[in-house]
Amino acid sequence: MFALVLILVLHVGSRAWAETTSGATTPTVTPAPTEEPENVTLPAVMCPENATCSRLSFACWSCEQNDSCRYGQTVNVSCTVSSDVSTCIGSRSELFLSVCRYCYQTPETDHVCSNSTTCRVNASPRQYYTAMCTVNPNVICLGSRTFLKRRLCNWTSGHRWSTALILSITLGGFGADRFYLGDWRRGLGKLFSFGGLGVWTIIDVILVGVGYITPFDNSVYVT
């Protein structure tokens, strides 16, 4: 019993020491600027020439919207094909139905954001990062279609919890679970100590099972 408690204390202490000496610090989150990002020239693939005007994505249209409309209200928006598209088939002016909202107010399903693989997912308190987001081509909204957004750090490197648990149960005595999660130092320790004569193996099975042991690169498991 004493050996079990001793190994558990050493395990938790070594993990805290590794995090302290690894130089990982809480990244500074840059606040979003008050000014909107400058408009970027539209890619040729997004706005092809000689295509049907009505089938162009909304990123290829210049729309006149009333920013005094009530948020969430359905409004008629008058749009004209952008000057970046010199030629298209059909009318260059159309009337569309749109929801009154700024692009940064669109739901997660209506825009795509960049990911960060440098923040620590398992940090306490949880960390945030500033992402560059772009509205989907089929969405009409007010303001710039590209904006900055503060998002919760939540990225994965492809490790699965189920795989880690199976390896911990079957080959944990050889450190296979630790090697799989990228913690090769403790993996070698388990390998040459035969899983801490079985005690370390049992402890790791419990810690992996409850989700305490996570990928060594501070990412989350694949769901």
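Of the 223 residues of the protein chain, 35% count as buried, a term that denotes a relative accessible area under 20%, with exposed standing for over 50% and partly exposed for values in between (1.4 Å probe, protein chains only). The structure is a predicted model, in which local features need a pLDDT of at least 70 and side-chain atom pairs count only at pLDDT 80 or more, while totals for chains, interfaces and linings use all residues. Residues are numbered from 1 along each chain as its sequence is written, and side-chain values use heavy atoms, with hydrogens and water left out.

The mean pLDDT of the chain, where pLDDT is the predictor's confidence in each residue from 0 to 100, is 77, and 79% of the residues reach 70 or more. Over residues 1-10 the pLDDT is below 50, and this stretch has seven contacts in the model beyond near neighbours in sequence, a contact being heavy atoms within 4.5 Å. Residues 16-45 likewise stay under 50 in pLDDT, with 25 contacts beyond four places in sequence. Where pLDDT is low, the predicted coordinates should not be read in detail.

The secondary structure of the chain comes to six helices and 10 strands, assigned as DSSP runs (helices H or I, at least four residues; strands E, at least two) and numbered from the N terminus. Three of the strands form an open sheet in the order 2-3-5 with antiparallel pairing, two strands being paired if DSSP finds at least two bridges between them. Strand 2 (61-64) and strand 5 (93-99) stand at the edges and have a single partner strand each, so one side of each is left without a neighbour in the sheet. Strand 3 (residues 74-81) pairs with strand 5 in the antiparallel sense over seven bridges, and C79 stands opposite E94 in strand 5.

The largest nonpolar core has 17 residues, of which L56, W61, V81 and V85 touch the most other members; such a core is a set of buried Ala, Val, Leu, Ile, Met, Phe, Trp, Tyr and Cys residues joined through side-chain atoms within 4.5 Å. Strand 3 supplies the largest share of this core, four residues. When neighbours within four places in sequence are left aside, V81 is in contact with C53, L56, C60, W61, C88 and R92. A second, separate core of 13 residues includes C103, V121, A131 and V139.

Among contacts in the chain between residues at least 6 apart in sequence, 60% join residues at least 24 apart.
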